[in-house]
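Reader: I have a model open and would like to learn how to read its features. Where do we start?

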Amino acid sequence: MPNVSSTFFLAPYSSLGYPKVVCFSALQGKASSIDSSPSQSPIPRLFSRGCKLVGCGSAVPSLQISNDDLAKIVDTNDEWISVRTGIRNRRVLSGRDSLTTLAVDAAQKALDMAKVDPDDVDLILLCSSTPEDLFGSAPQIQKHLGCKRNPLSYDITAACSGFVLGLISAACHIRGGGFQNVLVVGADGLSRFVDWTDRGSCILFGDAAAAVLVQACSGDEDGLFGFDLHSDGDGQRHLNATIKEDETNDAAESNGSVFNFPPRRHSYSCIHMNGKEVFRFAVRTVPQSIEAALQKAGLPASSIDWLLLHQANQRIIDAVADRLEIPSERVISNLANYGNTSAASIPLALDEAVRSGKIKAGHTVATAGFGAGLTWGSAILRWG
């Protein structure tokens, strides 16, 4: 495939109301327009800007819960859990921890690795479905990092796909918005929404936070080669934590009104999951998504140095690797130690692999997230 030098700019709006990206190719000497859904298209290199991952960090709660610990509260045992999931331990938020504190710790470690000062951060994206404020926790990360220029900070809610969506969002802000340094933080405390009497779900989840710093670079250094993103709301019935009315005294709440006003208080239910359906969904869609991202990147599967999937279940990880014909020695997994940490799982595994020397600068990583929504997405990227 020839190396084509291209320049992109935003042309007048198409008939569908979306701006066209027009590419002038130095190879072909003519213009071509791209007018399709961003999730179905290669990432346009606007103004020849690229982005790369230059720092990572992670933090986990101090409380570790083993399979044997769980066996004391539900009818299960270490062998039953580890054989079916690959999980042996998980970290759980306790009175000594907060999710925001973990997120700040992870973000600071990513900045330290990248040698970037908090005042040079232009944007903070918190990928989380369990913020400690209904209106989002990202601004608290900005506050506690000491970012004096008050950079924009906001939350992205996409459960276990959240970190991949955060990466793509960071790339779009850099390429199209002129941002220089974007912190992408994945942090979730799903233990707060687990039914600890349900042995089918309580064995799966843990809490953690992890972060990467995505930095602007020239187009020829670009480290995000291709992506593929999807959602299917019909699958929500298989994995959800829906809102429900609190069970309270109707008369006390409504003051006897026949109009059901004021409304009763609501809260989120515990996580509901149909494990068999989620497994089928993941092993079907994730390989297809990674193959689509590779095609958009113009890369063969043999170019992948590491496969790094959302850490949900070892059987899912193994099944996807088998379908992509990627040998186990090139698959990153830390599921046994942390369980499913939702949006934190990919950057947590990435951070451990980078700091241990497994993933090195220049390595190509295929990553994919999948989960509630249902949502799923993949990205082909280069570390460093």
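Author: Strands here are DSSP runs of E of at least two residues, helices are runs of H or I of at least four, and both are numbered from the N terminus. This is a predicted model, in which local features need pLDDT of at least 70 and side-chain atom pairs count only at pLDDT 80 or more, while totals for chains, interfaces and linings use all residues. Residues are numbered from 1 along each chain as its sequence is written, and side-chain values use heavy atoms, with hydrogens and water left out.

Reader: How many bridges join strand S18 to strand S19?

Author: Strands of a sheet pair through backbone hydrogen bonds, either parallel or antiparallel. Two strands count as paired if DSSP finds at least two bridges between them. Here S18 (residues 364-371) and S19 (residues 375-382) run antiparallel and are joined by eight bridges.

Reader: What is the order of the strands in the open sheet?

Author: The five strands follow the order S11-S19-S18-S16-S17, and the pairing is mixed. S11 (224-231) and S17 (331-332) are the edge strands; each has a single partner strand, so one side of each lacks a neighbour in the sheet.

Reader: At what angle do helix H7 and helix H8 pack?

Author: Two packed helices are described by the angle between their axes and the distance between the axes. Axes are lines fitted to C-alpha atoms, for helices over the stretch in contact (heavy atoms within 4.5 Å). Angles run from 0 to 180 degrees between N-to-C directions. H7 (residues 275-297) and H8 (residues 314-324) pack at about 40°, with axes 9 Å apart. The contact includes Phe 279 and Ile 290 of H7 and Ile 316 and Leu 324 of H8.

Reader: How many disulfides does a search of the whole structure find?

Author: A disulfide is a covalent bond between the sulfur atoms of two cysteines. The criterion is a pair of cysteine sulfur atoms within 2.5 Å. The search finds zero. For Cys 51, the closest cysteine sulfur is in Cys 217, at 6.3 Å, which is too far for a bond.

Reader: Is Cys 51 buried or exposed?

Author: Buried means under 20% relative accessible area, exposed over 50%, and partly exposed in between, with a 1.4 Å probe and protein chains only. Cys 51 has 3% relative accessibility and counts as buried. Cys 202, at 0%, is buried too, whereas Glu 325, at 70%, is exposed.
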